[in-house]
Amino acid sequence: SKSSSFSKGRPCKLDAPQIHQLKSIGFGTENKKLKSDDFTEMFEELREYKRQNDHCNVLAQTKDKNTRLGKWVLKQRAQYKLLKDGKSSRMTTERMIKLTDLGFVFVPKGRNPSWEERIGECRKHHAQHGNIRFPAENQAMRTWICRVRGDYRLFKEGSPSNITQEKIDTMNGLGMIWDTGFAFGPMLHQRRKTWDQRFEDLLKFIRENGHSVVPQATPGLGKWVHTQRMEYKSLQQGKETLMTSEKALKLVSIGFVFDAKNKRGKQTEVYGDSYA
């Protein structure tokens with residue numbers, strides 16, 4: 001019936017006044033609550049799976065009892081992809097951070113676009129706009145550009161890096177801006193770094209140390225990382241916060257640990273794009 005279709009969230013032929021009338025008497029709200037409860041229930045199942053197996057890589061096609069959990073894990077990755085693509089998604093900032101702190105990997109290794117594919121996107125954008133400054137909606141490319149800048153800094157310092165001179169030349173041909181900082185006068189007095197610049201500093205730290213748990217004593221970056229955790233705590237408590245979905249998405253994409261007390265006893269593995 002029309003009413004059963006509405007309550008199950010399927011398309012139906014009810015008009016707006018009819019739907020409003022049904023909602024006013026509580027009809028159809030049970031399913032919404034069920035979906036919320038379903039995430040909590042499945043998250044606890046994933047937590048238990050992590051406790052027993054020391055990882056969250058649940059397979060969807062198995063003959064054991066984890067089949068349901070595996071399918072749920074695939075759905076979370078699908079919702080995360082929709083969010084990254086700027087589309088309607090059930091993946092909220094709170095859910096995203098909870099999963100990340102558990103050690104969940106939204107984009108497993110081997111599934112990231114190659115260097116050539118990323119360059120293809122850059123060339124397409126450059127042909128249309130004359131630059132490779134991607135809009136906020138294309139968070140994947142913005143994050144990738146930040147990573148390339150981080151690798152470039154390591155390359156210039158003579159440290160191990162995923163970038164080569166050939167790749168640098170390719171980026172230069174597309175008008176890549178390597179240094180986004182500011183300097184004034186002969187003393188080269190630096191302005192306070194922007195959020196994106198600190199994010200690049202964090203990427204460099206991860207490349208060099210293999211994890212994102214930055215000691216608070218680390219000049220500049222330590223305080224910034226602590227601030228991100230405090231903003232996340234405010235988000236959890238429903239308080240006013242500077243932690244936006246865009247920022248959370250970027251931090252999640254590099255395996256940032258929002259709960260420093262839950263370091264999971266291991267170094268955070270970096271799940272970035274491959275430049276090979």
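Me: At roughly what angle do the axes of helix H7 and helix H8 cross?
Reply: The axes of H7 (residues 139–157) and H8 (residues 165–173) come within 11 Å of each other. Since this is a predicted model, local features need pLDDT of at least 70, side-chain atom pairs count only at pLDDT 80 or more, and totals for chains, interfaces and linings use all residues. An axis is a line fitted to C-alpha atoms, for helices over the stretch in contact, and angles run from 0 to 180 degrees between N-to-C directions. For H7 and H8 the crossing is at roughly 130°.

Me: How many nonpolar residues does the contact of H7 with H8 have?
Reply: Contact means heavy atoms within 4.5 Å. From H7 come Trp144, Ile145, Val148, Tyr152 and Phe155, which meet Gln165, Ile168 and Met171 of H8. Ala, Val, Leu, Ile, Met, Phe, Trp, Tyr, Cys and Pro count as nonpolar, Asp, Glu, Lys and Arg as charged, and the others, Gly among them, as polar. That gives no charged residues, one polar residue and a nonpolar count of seven.

Me: Is isoleucine 145 buried or exposed?
Reply: Isoleucine 145 lies in helix H7 and touches Cys122, Ile132, Phe134, Met171 and Met176, not counting residues up to four places away in sequence. Buried means under 20% relative accessible area, exposed over 50%, and partly exposed in between (1.4 Å probe, protein chains only). Because its relative accessible area is 5%, isoleucine 145 is buried.

Me: How many of the residues that make up the contact between H5 and H11 are polar?
Reply: The axes of H5 (residues 93–102) and H11 (residues 245–253) come within 10 Å and cross at roughly 20°, so the two helices are roughly parallel to each other. Thr93, Met96, Ile97 and Thr100 of H5 make the contact with Ser245, Ala248, Leu249 and Val252 of H11. Five of the contact residues are nonpolar and none are charged, while the polar ones number three.

Me: How many charged residues does the contact of H9 with H10 have?
Reply: H9 brings Trp195, Arg198, Phe199, Asp201, Leu202 and Phe205 to Leu221, Trp224, Val225 and Gln228 of H10. By class there are seven nonpolar residues and one polar residue, and the charged ones number two.

Me: How far apart in space are lysine 204 and leucine 154, C-alpha to C-alpha?
Reply: Lysine 204 is in helix H9 (residues 195–209) and, at 21% relative accessibility, counts as partly exposed. Leaving aside neighbours within four places in sequence, lysine 204 is in contact with Leu154 and Glu157. Lysine 204 and leucine 154 are 50 residues apart in sequence, but their C-alpha separation is 7.5 Å.

Me: What is the relative accessible area of serine 234?
Reply: Serine 234 belongs to helix H10 (residues 221–236). Apart from neighbours within four places in sequence, its contacts are Lys239, Glu240 and Thr241. Serine 234 counts as buried because its relative accessible area is 17%.

Me: How many disulfides does a search of the whole structure find?
Reply: Cysteine 56 is buried at a relative accessible area of 4%, and cysteine 122 is buried at 0%. A disulfide is a pair of cysteine sulfur atoms within 2.5 Å. For the whole structure, the number found by the search is zero.

Notes
Residues numbered from 1 in each chain as written. Heavy atoms only, no water. Helix = DSSP H or I, 4+ residues; strand = E, 2+ residues; numbered from the N terminus. Parallel < 35°, antiparallel > 145°, perpendicular 65-115°, else oblique.
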